Amino acid sequence: MLFEIVTTGSMLGVLGASYYKKNNLNSDHDKIIKIADNCGLYTKEEKIRLYRRRYNKEKKFTEYVYKIPLGLELEDFQDKYGKFKDGLNNRSVRKINLKDFKELKLDKTILKQIQNIINNREPVNKEIEMEYDGMLIFRVFDEGLTKDLPYTKEMLDNCKGWEIPLGVTYKEFVKHNFEKMQILVVAGQTRYGKTVFLKNVITSLINNQPDNLKLTLIDLKGGLAFSRYLNCKQVNTVAKNSKETLEALEAIHTEMVKRQEHFLSKGWEDIGEAGWTERHFVIVDEGAEINGFEKKDQADRALYLLGEIARMGAGIGYRLIFATQYPTADVFPRQVKANTSAALCFRLKNATQSMVVLDTKGAESLPVGLKGRAIYQTDCDRLVQTPLIKNGFIDGIIKPHIVMKPRSESSEPQNSKEDTKAGEYTTEFKEI
Ligand SMILES: Nc1ncnc2c1ncn2[C@@H]1O[C@H](COP(=O)(O)OP(=O)(O)OP(=O)(O)O)[C@@H](O)[C@H]1O
Ligand SMILES: [Mg+2]
């Protein structure tokens with residue numbers, strides 16, 4: 001009896017799924033035509049005409065190829081992106097999940113349970129992409145961007161070198177590579193995911209580069225968010241206030257100037273040529289607090305030093321992540337902004353703030369309350385969902401790296417080519 005119910009249920013599921021797909025294909029095409037019509041995307045003589053349709057099983061999208069009337073261009077359609085997207089998502093659909101049948105409870109409610117499975121409706125969450133290559137290519141992805149992305153070990157294993165898992169777009173996993181983009185600005189209103197993202201970066205790098213990573217963590221919200229990393233061997237400093245911040249930044253600056261002189265004397269162009277594998281990350285959480293330092297000259301100095309790290313640091317092995325909740329022009333050291341090649345921007349209060357971070361509007365229109373949703377800007381802008389890393393997961397990853405002995409204050413790379421060469425460079429740096 002049970003076998004019959006489950007088998008019948010599964011058959012219904014399969015039929016339901018294929019009915020859904022078939023129906024869905026037709027209705028999406030019909031909708032595209034209708035929306036184009038309603039938006040005036042036609043000429044006197046012609047309307048858009050379907051030329052080809054194909055389903056990509058692996059990437060889960062349907063590609064519609066249309067011939068568009070003479071006189072119209074891709075941009076005309078892209079301008080109506082919101083109308084197409086809303087139109088394709090304007091209903092919920094019956095969705096039969098096969099796995100629900102496996103979870104049926106064998107009691108007198110079984111018929112009701114089956115009914116619920118069959119009548120299950122879910123909101124549609126499709127994403128669209130448009131391209132032109134002589135024809136208008138319209139890709140409709142079955143599933144848009146997820147609202148929820150747990151951080152997993154698998155993501156971490158997917159990252160090589162100095163990459164970290166940044167998140168997903170509606171179609172792919174995205175990594176940030178700190179060898180290619182050495183300075184990253186992170187902005188966003190309170191509680192949208194900045195610190196969680198910074199913990200993702202720190203944890204990922206500790207796991208993937210345990211012997212090459214050095215960290216200066218500046219947590220101007222009191223040091224609590226980063227305190228779990230305090231005893232990791234990769235952590236040089238956790239600065240929590242103006243005094244500690246200035247001390248840390250001055251030390252890095254002195255070290256940087258010496259390192260630059262050393263590179264010059266050796267004729268090395270950059271850290272790659274020097275063959276040093278160490279990278280020193282300076283991570284600032286709530287950079288706007290610097291402006292609030294009690295003494296103005298301390299704030300100015302700290303901003304200047306951060307600017308110098310941004311200006312000189314990338315080539316000689318320093319990486320900077322500057323996070324802030326209040327991205328106004330005076331919060332960003334000019335050199336940080338000028339040298340930044342990437343930004344991760346969660347929802348912001350207004351378009352002006354968005355302009356400061358991204359040089360374009362948009363971050364103010366990210367969905368309200370959707371944590372982890374951001375615009376990732378590199379050479380293009382991508383809408384991403386960042387992963388949520390849990391403290392328990394972090395603790396598991398960093399446990400093997402926790403040391404109780406006092407850390408050396410030396411800033412010299414432990415694994416430079418020169419370690420083996422009579423230690424002359426080592427001595428030079430120990431003097432700092
Ligand atoms: N990527 C994410 N996915 C889902 N939820 C998230 C994500 N990132 C953060 N959150 C949730 O939002 C909460 C706040 O995140 P977080 O502390 O990173 O915010 P914040 O931007 O640093 O805020 P503040 O400016 O106040 O420091 C987290 O405790 C977590 O519950
Ligand atoms: Mg925070």
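Student: Is glutamine 353 buried or exposed?

Tutor: This is a predicted model, and in it glutamine 353 is buried because its relative accessible area is 11%, while the cut-off for buried is under 20%. Glutamine 353 sits in helix α12, residues 351-358.

Student: Which residues is glutamine 353 in contact with, leaving aside its neighbours within four places in sequence?

Tutor: Those contacts are with Pro327 and Leu348.

Student: What percentage of the residues of the protein count as buried?

Tutor: The figure is 49% of 432 residues. The protein has 14 helices and 16 strands. Among contacts with a separation of 6 or more, 67% join residues 24 or more positions apart.

Student: Which residues are buried in α5?

Tutor: Ile110, Gln113, Ile114 and Ile117 are buried there. These residues lie on the same side of α5 because the arc they cover around the axis is only 100°.

Student: And how do I describe a pair of helices?

Tutor: Two packed helices are described by the angle between their axes and the distance between the axes. For helix α7 (residues 194-208) and helix α13 (residues 391-398), the angle is about 25° and the axes are 9 Å apart. The pair is therefore roughly parallel, as angles under 35 degrees are counted that way. The crossing of α7 and α13 is left-handed.

Student: Which residues of α7 and α13 make the contact?

Tutor: From α7 come Lys199, Thr203, Ile206 and Asn207, and from α13 come Asn391, Ile394, Ile397 and Ile398. By class, the contact of α7 with α13 has 4 nonpolar residues, 3 polar and 1 charged.

Student: At what angle do the axes of α8 and α10 cross?

Tutor: Helix α8 (residues 242-266) and helix α10 (residues 296-312) cross at roughly 35°, and their axes come within 10 Å. The crossing of α8 and α10 is also left-handed. On the α8 side the residues in contact include Leu246, Leu249, Ile252, His253 and Met256. On the α10 side they include Arg301, Ala302, Leu305, Leu306 and Ile309.

Student: How do the residues of the contact of α8 with α10 divide?

Tutor: There are 10 nonpolar, 4 polar and 3 charged residues in the contact of α8 with α10.

Definitions and conventions
Residues are numbered from 1 along each chain as its sequence is written. Chains are lettered from A and ligands numbered from 1 in the order in which they are written. This is a predicted model: local features need pLDDT of at least 70, side-chain atom pairs count only at pLDDT 80 or more; totals for chains, interfaces and linings use all residues. Side-chain values use heavy atoms; hydrogens and water are left out. Axes are lines fitted to C-alpha atoms, for helices over the stretch in contact, and angles run from 0 to 180 degrees between N-to-C directions. Helices (H or I, at least four residues) and strands (E, at least two) are DSSP runs, numbered from the N terminus. A crossing is left-handed if the near helix is turned anticlockwise from the far one by less than a right angle, and right-handed if clockwise. Contact means heavy atoms within 4.5 Å. Ala, Val, Leu, Ile, Met, Phe, Trp, Tyr, Cys and Pro count as nonpolar, Asp, Glu, Lys and Arg as charged, and the others, Gly among them, as polar. Angles under 35 degrees count as roughly parallel, over 145 as roughly antiparallel, 65 to 115 as roughly perpendicular and the rest as oblique. Buried means under 20% relative accessible area, exposed over 50%, partly exposed in between (1.4 Å probe, protein chains only). The arc is that of the directions from the helix axis to the C-beta atoms.
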